[in-house]
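Take each task first, then compare your steps with the solution.

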Amino acid sequence: MQIPQFPEAHHPLIQSLARYSDRDLLILFQRHPDQGRYFAALFCRYSPIVYTLIWHSLRSPVQAEYLFAQTWRHLYYELGGLDLRSLSGTGFNFQNWLINVTAHCINHTNLPPVESRSEEHTSELQSPYVI
């Protein structure tokens, strides 16, 4: 398994946010959802964890890539509605929350089937048509 590298992580806008806490990035993301840099900073920070969890949970690399994209799409919408005020003082940990949401996506996302070459070849051999 090789964790994908995203060139966005090296962009000066994203690198300038490296010193911000998760909470600060979440607040800025919620206040300025039209500025993708705050979400991108969280994505760049946590994509290796999310990718690793997904990769080790699925057998197919194609399904893992698909679920990785779907999970981050889900996270984008969840983060927009996350009520940080109600979570303050509760010991909220963003990384733990992210892992739990990723686990939920792994367990509840309907993945498209992946055909193998052997299945394609077998179906060709079992064709009801004789030439």
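This is a predicted model: local features need pLDDT of at least 70, side-chain atom pairs count only at pLDDT 80 or more; totals for chains, interfaces and linings use all residues.

**Exercise 1. Classify Pro 112: is Pro 112 buried, partly exposed or exposed?**

Solution. Start with the cut-offs: buried means under 20% relative accessible area, exposed means over 50%, and partly exposed lies in between, using a 1.4 Å probe and protein chains only. Pro 112 has a relative accessibility of 35%, so Pro 112 counts as partly exposed. Helices here are DSSP runs of H or I with at least four residues, strands are runs of E with at least two, and both are numbered from the N terminus.

Residues are numbered from 1 along each chain as its sequence is written, and side-chain values use heavy atoms, with hydrogens and water left out.

**Exercise 2. Find which residues Pro 112 is in contact with, leaving aside neighbours within four places in sequence.**

Solution. Contact means heavy atoms within 4.5 Å. With that rule, Pro 112 is in contact with Gln 63 and Tyr 66. Now take the pair Pro 112 and Gln 63: they are 49 residues apart along the chain, and their C-alpha atoms are separated by 7.3 Å. Then look from the other side. Gln 63 belongs to helix 4 and is buried, with a relative accessible area of 17%. Beyond four places in sequence, Gln 63 touches Leu 58, Leu 111, Pro 112, Pro 113 and Val 114.

**Exercise 3. Describe how helix 3 and helix 6 pack.**

Solution. Two packed helices are described by the angle between their axes and the distance between the axes. Axes are lines fitted to C-alpha atoms over the stretch in contact, and angles run from 0 to 180 degrees between N-to-C directions. Helix 3 (residues 37-55) and helix 6 (residues 94-108) give an angle of about 45°, with axes 10 Å apart. Helix 3 and helix 6 are therefore oblique to each other, since angles under 35 degrees count as roughly parallel, over 145 as roughly antiparallel, 65 to 115 as roughly perpendicular and the rest as oblique.

Finally, list the partners: Leu 42, Tyr 46, Ile 49, Val 50, Leu 53 and Ile 54 in helix 3 meet Phe 94, Gln 95, Leu 98, Ile 99, Thr 102 and Ile 106 in helix 6. Sorted by type, the residues of this contact are 10 nonpolar, two polar and no charged. Here Ala, Val, Leu, Ile, Met, Phe, Trp, Tyr, Cys and Pro count as nonpolar, Asp, Glu, Lys and Arg as charged, and the others, Gly among them, as polar.

**Exercise 4. Follow Val 50: what does Val 50 touch, not counting residues up to four places away in sequence?**

Solution. Val 50 lies in helix 3 and is buried, with a relative accessible area of 0%. Val 50 touches Phe 68, Thr 71, Trp 72, Leu 98 and Thr 102.

**Exercise 5. Work out how helix 2 is oriented to helix 4.**

Solution. Helix 2 (residues 22-31) and helix 4 (residues 61-81) pack at about 90°, with axes 9 Å apart. That makes helix 2 roughly perpendicular to helix 4. Leu 26, Phe 29 and Gln 30 of helix 2 make the contact with Tyr 76, Leu 79, Gly 80 and Gly 81 of helix 4.
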